[in-house]
Amino acid sequence: MRILVLDNYEEISKKAALMIASQVMLKPNSVLGLATGDTPLGMYKELITLYNKKEVNFNEVRTFNLDEYYGIDRENPQSYYNYMINNLFNSINVNRKNINVPDGMAMDVEAVCRCYENKIKEVGGIDMQVLGIGGNGHIGFNEPDVNFEAQTHLVNLNAQTIEANSRFFKSIKDVPIKAISMGIKTIMNSKKIILLANGIGKAEAIERAIKGKISPEIPASILQLHNDVTIILDKQAASLL
Ligand code: F6R
């Protein structure tokens with residue numbers, strides 16, 4: 001596990017974008033695993049800047065998002081599909097047919113999850129997976145008490161996550177209580193992982209994930225067992241290390 005502690009959010013965003021761009025330069029048809037939330041927004045902006053400067057070309061890239069709210073359709077402004085379109089895909093030349101986000105309106109959830117896993121396998125697995133981390137140590141929507149063996153599945157969001165995500169909704173009652181998420185096994189099968197965290201609110205989760213015991217209580221702690229993880233932190237997120 002490599003740990004990079006940088007001065008601020010801008011620096012971590014630039015570093016992560018450069019790592020993704022390098023991955024795509026070395027393997028133009030890379031399979032990228034992508035995250036949503038506040039943390040990667042700066043990184044997506046930097047990637048768009050690199051694309052506009054013609055430093056990186058996404059036309060062969062395939063993407064798989066970590067998760068999507070269950071019961072929300074893609075056109076909903078709160079969907080993670082919509083987030084990706086607005087914050088990245090509309091501004092780069094990724095081919096829409098190469099974008100994959102779990103279908104939050106799936107009727108047969110199990111079949112959709114199986115299909116997602118198969119599709120990841122068919123393209124040769126995820127080359128580089130980007131992760132944020134929840135204040136409770138979740139990665140994707142794999143909440144505490146996680147099953148480390150799970151693949152893409154339907155999850156119940158826990159109270160802390162619903163509370164944290166309510167900032168994006170009119171009222172906490174509007175926050176979906178379930179999501180479809182890649183499982184820990186899916187994430188651990190990625191060839192490379194980069195996890196970004198900024199701000200004091202992530203310091204405890206980072207400390208427990210990196211220095212604590214590997215335990216389902218802190219889902220991100222499993223990353224200690226992956227052989228190619230880079231953790232990119234600002235000073236606040238690293239303050240308890
Ligand atoms: C998002 C995701 C979540 C977030 C985490 C942190 O696709 O899977 O694990 O990365 O909840 O969210 P932010 O970045 O908003 O603090």
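**Entry 1. Burial and overall form**

I looked up burial and found that 54% of the 241 residues in the protein are buried (buried means under 20% relative accessible area, exposed over 50%, and partly exposed in between, with a 1.4 Å probe and protein chains only). I note that this is a predicted model, in which local features need pLDDT of at least 70, side-chain atom pairs count only at pLDDT 80 or more, and totals for chains, interfaces and linings use all residues. Residues are numbered from 1 along each chain as its sequence is written, and side-chain values use heavy atoms, with hydrogens and water left out.

Along the principal axes, the C-alpha atoms fill a box of roughly 45 × 40 × 35 Å.

I recorded seven helices and ten strands; helices (H or I, at least four residues) and strands (E, at least two) are DSSP runs, numbered from the N terminus. Of the contacts between residues at least 6 apart in sequence, 80% join residues at least 24 apart, where contact means heavy atoms within 4.5 Å.

**Entry 2. Helices α1 and α2**

I looked up the packing of α1 (residues 9-26) on α2 (residues 41-52): the axes come within 8 Å and cross at roughly 55°. That makes α1 oblique to α2. Axes are lines fitted to C-alpha atoms, for helices over the stretch in contact, and angles run from 0 to 180 degrees between N-to-C directions. Angles under 35 degrees count as roughly parallel, over 145 as roughly antiparallel, 65 to 115 as roughly perpendicular, and the rest as oblique.

On the α1 side, the contact residues include Tyr9, Leu18 and Ile20; on the α2 side, they include Met43, Leu47 and Leu50. I sorted the residues of this contact into ten nonpolar, two polar and two charged. Ala, Val, Leu, Ile, Met, Phe, Trp, Tyr, Cys and Pro count as nonpolar, Asp, Glu, Lys and Arg as charged, and the others, Gly among them, as polar.

**Entry 3. Helix α3**

I found α3 (residues 80-87) mostly covered, with six of its eight residues buried. These are Tyr80, Tyr81, Asn82, Tyr83, Met84 and Ile85. They pack against β2 (31-34), α2, β3 (62-65), β4 (67-69) and α5 (159-165).

For α2 and α3, I noted an angle of about 40° and axes 10 Å apart. That makes α2 oblique to α3. Leu41, Tyr44 and Ile48 of α2 meet Tyr83, Met84 and Asn87 of α3, and the residues of this contact divide into five nonpolar, one polar and no charged.

**Entry 4. Loop residues**

I looked for a positive phi outside glycine. Lys54, in the loop between α2 and β3, has a phi of about 65° and is exposed at 75% relative accessible area. Asp145, in the loop between β6 (128-131) and β7 (153-156), has a phi of about 75° and counts as exposed at 61%.

Last, I located Asp103 in the loop between β5 (99-100) and α4 (109-122). Asp103 is partly exposed, at 33% relative accessible area. Apart from neighbours within four places in sequence, Asp103 is in contact with Val112 and Ile180. The C-alpha atoms of Asp103 and Tyr70 are separated by 7.8 Å, and the two residues lie 33 apart along the chain.
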